[in-house]
Amino acid sequence: MEADHQIALFLRESARPEPERRAAALKGLGRIGRAEHVRVLTGAADDPAPCVRAAAALALGRLGVPEAGREMLPALMGDTDPQVRRRASAAAVRLRLDTPKLTRAFARLLSDPDHHVRINALDGLTALGVPGDVTALAALLGDPHYAVWGRAWTLLSTCGQDPAVRAELIRTAREGTGAARARALEWLPARCTEQLLDSLLSGLRDPSPAVRIEAARRLFPVEQRQVQDTLTAALHTEEHPEVAARLLSGLAGPGEDRVSGPAVRWLRDPVAGPSAARALGTADPGTAAPHLRTALTDATLPARIRAAVAAAIGTAGRWDAVWLLLPLLDDPDDDLRAGALDGLETLVENGLRPWERHPVAWALAAHLATDERHVWRTRNALDGLAQALPDVRRLADNAPSGEVLAAALSLLDGDDPADEQTHHDVRRFLRGLDDSHEPVRYEAVLGLERWAGATGSLPPDSDKAHGRLTALTEDESPRLRQAATRLLDTLDSGPP
């Protein structure tokens, strides 16, 4: 009975002269009213007060009578007041209305000045699985609100097989402006690049940095000399750091020395500097080396740039690279240490000179035990450096942390049964199966997997290992479960 009293009150209030009271009454009917009260809501669709019309639309959505919504909401979605359009479009989405009239109303609202209304229109069309107005939809790729252009992107992807959608996206990629053109270029598949070639080349001169970036991205894989020359020319005249960074990254490569001049010009820029450093790392060493050495020792440069310079020095591989990078392992800046480790990793991969191997091995092994921030970066730099194995094995026996122990175990081969040291390494793997740290258990299983791959069995005197591995197949860590299961499968299949 209490609800009936409230409904009676709302019905009386809905006829009051004050718009605010009428609006509040309609909202109340939307919450607790029944289907027979729809006539009150539809009657308010022509109310002179926008707040009342908006309340009527809101209440229709809450009341849940689709038949009434089909008649009333399309008109309210074209109301002159944005609040009414917002409420009406949201109600249409809520009621899941799918008439042609509603679809046309949603399509019109794609161009609404109120971004909330545009969001509702996109939600409505997405629920229907239709693009509505393809021109307006593609234009929304340039909307400043992520909630709008993100939904537009999703709807375009859903309707991507529609020829009209594809044609409009290609037109936008050729003739659009700003973010809409850039996102159309990003959305279209690589196979469209050839038909867009002329507009992509002109896009390198577009006023929008986002368009220039996307045009360059699509042109990098095109192997025509004319295209690559145009990209290089664009780099030489580019003034925007983000675009320059993308051009430097895409054009850099061994033997590509035409980027050296622009790379030197951008080396000290906070945005483009790291890309410039990487480009110099692959350029002619005689040209690049002095600039890299100067930048590395310039404490006024951001650490992020100096870190990229350190990594580039490793890529360049000059005679003094090791001696420039090793002192940086003690630098207090995390980024700079990371860059030095990346540079040393590249030097190790490419092959150190005989007189460099022991100093690098000793320095990196010591660093593995002390730099908790970059344990796995240090581990990667050590990978393949045989001179470091004695120190790594000492760490595997007496590591300062579980993470360091896991990294040390990962560096032990465990796949040469004829090597006495390998037998000691396998015992380290067996001990690691019971460690409290998941990374240690995981690396221990991988180590035993390397042994089993070479021998087809577990090592002698490891009777409990099979049971422990079986238990690890129930571990809470997915990767550990998979590794243990894979190892047991290897053992069950027998010797290789």
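This is a predicted model: local features need pLDDT of at least 70, side-chain atom pairs count only at pLDDT 80 or more; totals for chains, interfaces and linings use all residues.
Which helices do the buried residues of H14 pack against?

A: Happy to go through it with you. Residues are numbered from 1 along each chain as its sequence is written, and side-chain values use heavy atoms, with hydrogens and water left out.

The buried residues of H14 pack against helix H12 (178-187), helix H13 (197-203), helix H15 (225-237) and helix H16 (241-251). Helices here are DSSP runs of H or I with at least four residues (strands are E runs with at least two), numbered from the N terminus. Contact means that heavy atoms come within 4.5 Å. H14 itself covers residues 209-219, and eight of its eleven residues are buried, so the rest of the structure largely encloses it. The buried set is Val211, Arg212, Ile213, Glu214, Ala215, Ala216, Arg218 and Leu219. Buried stands for under 20% relative accessible area, exposed for over 50%, and partly exposed for the range in between (1.4 Å probe, protein chains only).

Let's zoom in on glutamate 214, which sits in H14. Its relative accessibility is 10%, so glutamate 214 counts as buried. Its side chain makes a polar contact of 2.8 Å with the side chain of arginine 217. A polar contact is a pair of N or O atoms within 3.5 Å; within protein, one must be able to donate a hydrogen and the other to accept it, and residues adjacent in sequence count only if both atoms are side-chain atoms. Beyond the residues up to four places away in sequence, glutamate 214 touches Ala182, Leu185 and Glu186.

H12 also holds alanine 184. Alanine 184 has a relative accessibility of 0%, so it counts as buried. Setting aside neighbours within four places in sequence, alanine 184 is in contact with Leu141, Leu169, Thr172 and Ala173.

The axes of H14 and H16 come within 9 Å and cross at roughly 5°. These axes are lines fitted to C-alpha atoms, for helices over the stretch in contact, and the angles run from 0 to 180 degrees between N-to-C directions. H14 and H16 are therefore roughly parallel to each other; that label covers angles under 35 degrees, with over 145 counted as roughly antiparallel, 65 to 115 as roughly perpendicular and the rest as oblique. From H14, Pro209, Arg212, Ile213, Ala216 and Arg217 meet Glu242, Val243, Arg246 and Leu247 in H16. By class, this contact has five nonpolar, no polar and four charged residues. In that scheme Ala, Val, Leu, Ile, Met, Phe, Trp, Tyr, Cys and Pro are nonpolar, Asp, Glu, Lys and Arg are charged, and the others, Gly among them, are polar.

The axes of helix H6 (residues 82-95) and helix H7 (residues 100-109) come within 11 Å and cross at roughly 135°. That makes H6 oblique to H7. The contact divides into five nonpolar residues, one polar and one charged. In the loop between H6 and H7 you will find arginine 96, which has a positive phi of about 55° although it is not a glycine. Arginine 96 is exposed, with a relative accessible area of 72%.

The other pair is helix H25 (residues 389-397) and helix H26 (residues 402-410), whose axes come within 8 Å and cross at roughly 135°. H25 and H26 are therefore oblique to each other, and H25 passes H26 in a left-handed crossing. Val392, Leu395 and Ala396 in H25 meet Val404, Leu405, Ala408 and Leu409 in H26. This contact consists of seven nonpolar residues, no polar and no charged.

Technical notes: A crossing is left-handed if the near helix is turned anticlockwise from the far one by less than a right angle, and right-handed if clockwise.
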